[in-house]
Amino acid sequence: MGEEGTEGTVHLLCLAASSGVPLFCRSSRGGAPARQQLPFSVIGSLNGVHMFGQNLEVQLSSARTEDTTVVWKSFHDSITLIVLSSEEGTSELRLERLLQMVFGAMVLFVGLEELTNISNVERLKKELRACYRLIDSFLGDSELIGDLTHCVDCVVPPEGTLFQEALSGFAEAAGTAFASLLVSGRVVTATESWWRLGMPEAVLLPWLVGSLPPQAARDYPVYLPHGSPTVPHRLLTLTLLPGLELCLLCGPRPPLSQLDPQLLDRWWQPSLDSLRACLPLGPRALPAGFPLHTDILGLLLLHLELKRCLFTVEPSGDKDPSPEQRRCLLRSFYTLVTAMHFPPEPGQQEEKVEDTAQQAQVPRACYLVSGTEEPGTGWRLVALQLGPRRLLLLLSAQSPCHGLRSLATRTLQALTPLF
């Protein structure tokens, strides 16, 4: 299994579908932004072959060369997105979901009307510059995984009930039902209305806040790609501590000035020590002292019905591989098991399967050894499906293959009450 995201170049192209005029091109190399741009002749050829297929009623969705994977996707017959990746082990699933997130980011900033009825290409190009930072963060080496899983990156706070009460009271005082508390782009807690946000805004809004430079307060106009793609809302953010931010989604009111320090102090000052304890939760995701087996180097837990996930590569941080390699291994393993082994909505799909023989064919677990199966060599990856929950573990070379499923089962049982 290749380590998805290691080295290689990714090029992202956005074109007006009707005219083929490029709206923007973003590139990254080795997970970092790159200035290298594709020649216009290559851009024209990639768009031309896609349009040629459409004229023949053939949908060209992907292609592979010896070292590059290409994926095309059209949105509302108005925008065509093309991504080329020479990263080792890149999957079509990852690139398809990347394009969905990119289009969602475009709608988030400029609204669907501007993208489906393009009256002034040059003006649209300028407006789309606002989403470059967010789009570049999808192409880079992020510590988050919601862009791939389409589940909200979350953490488990040590005092969740306390934060929930403070957030609900603050949101009511501010006059909105949509509020969340974020640490490093991950949701610590949120109101019921915030949790009911659809995709992709449920992932995009925390990701956007996490990608922005630090600021005491912000007032951002945003469109909701699923819930309100043509009417903008306001995204208000307030920094409680560096890296820890309150987010409110609202209409014309309240003005940002109404959310004064006295209001913040009233609801959050009593929780100040607990808020400080949340700061390390960004990369760690789990509360300090949570019992994990010493062989675990990283984990991804998904709740596919709630569309939430926990992702961390912090356990046993003093061991190889590096955090970047661990993220690459888990991301690559996720695309493999999602595309090849597990149904996309396992909880719902299994309920529909009435035939016992067919149900027995639905995989419950799988594992992969990167390297050899000899003790002490290679990395172990195991995935376990139980109801709406899916757990992926990255394990050290010392973990015996015959014990992988048992270890994953015990870990999932320990995590289930948290999530």
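## Ground rules

Because the model is predicted, local features need pLDDT of at least 70 and side-chain atom pairs count only at pLDDT 80 or more, while totals for chains, interfaces and linings use all residues. Residues are numbered from 1 along each chain as its sequence is written, and side-chain values use heavy atoms, with hydrogens and water left out.

UniProt's unreviewed entry lists "domain: FUZ/MON1/HPS1 first Longin" at residues 11–137. UniProt positions use the numbering seen here, feature names are shortened, and annotations may be inferred rather than shown by experiment. That span is 43% helix and 26% strand, with its end C-alpha atoms 13 Å apart. (Helices, H or I with at least four residues, and strands, E with at least two, are DSSP runs numbered from the N terminus.)

The unreviewed entry in UniProt also has "domain: FUZ/MON1/HPS1 second Longin", at residues 175–269. Here you get 24% helix and 42% strand, and the end C-alpha atoms sit 20 Å apart.

## What's tucked inside

A nonpolar core is a set of buried Ala, Val, Leu, Ile, Met, Phe, Trp, Tyr and Cys residues joined through side-chain atoms within 4.5 Å. Buried means under 20% relative accessible area, exposed means over 50%, and partly exposed is in between (1.4 Å probe, protein chains only). The largest core has 71 residues, and Phe24 and Met106 touch the most other members. Helix H2 (residues 92–110) gives the most to this core, with 12 residues. Leaving out residues up to four places away in sequence, Phe24 touches Val102, Met106 and Tyr132, among others; contact means heavy atoms within 4.5 Å.

A second, separate core has 27 residues, including Leu167, Val188, Leu246 and Leu263. As for helix H9 (residues 201–211), 10 of its 11 residues are buried, so the rest of the structure largely encloses it. Trp207 and Pro206 are among those buried residues.

## Out toward the surface

Leu56 belongs to the loop between helix H1 (40–55) and strand S4 (62–64). Its relative accessibility is 52%, so Leu56 counts as exposed.

Gln258 is in another loop, between strand S12 (244–250) and helix H10 (261–268). With a relative accessible area of 33%, Gln258 is partly exposed. Although Gln258 and Ala174 are 84 residues apart in sequence, their C-alpha atoms are 8.0 Å apart in space. Beyond its neighbours within four places in sequence, Gln258 is in contact with Ala173, Arg253 and Leu263.
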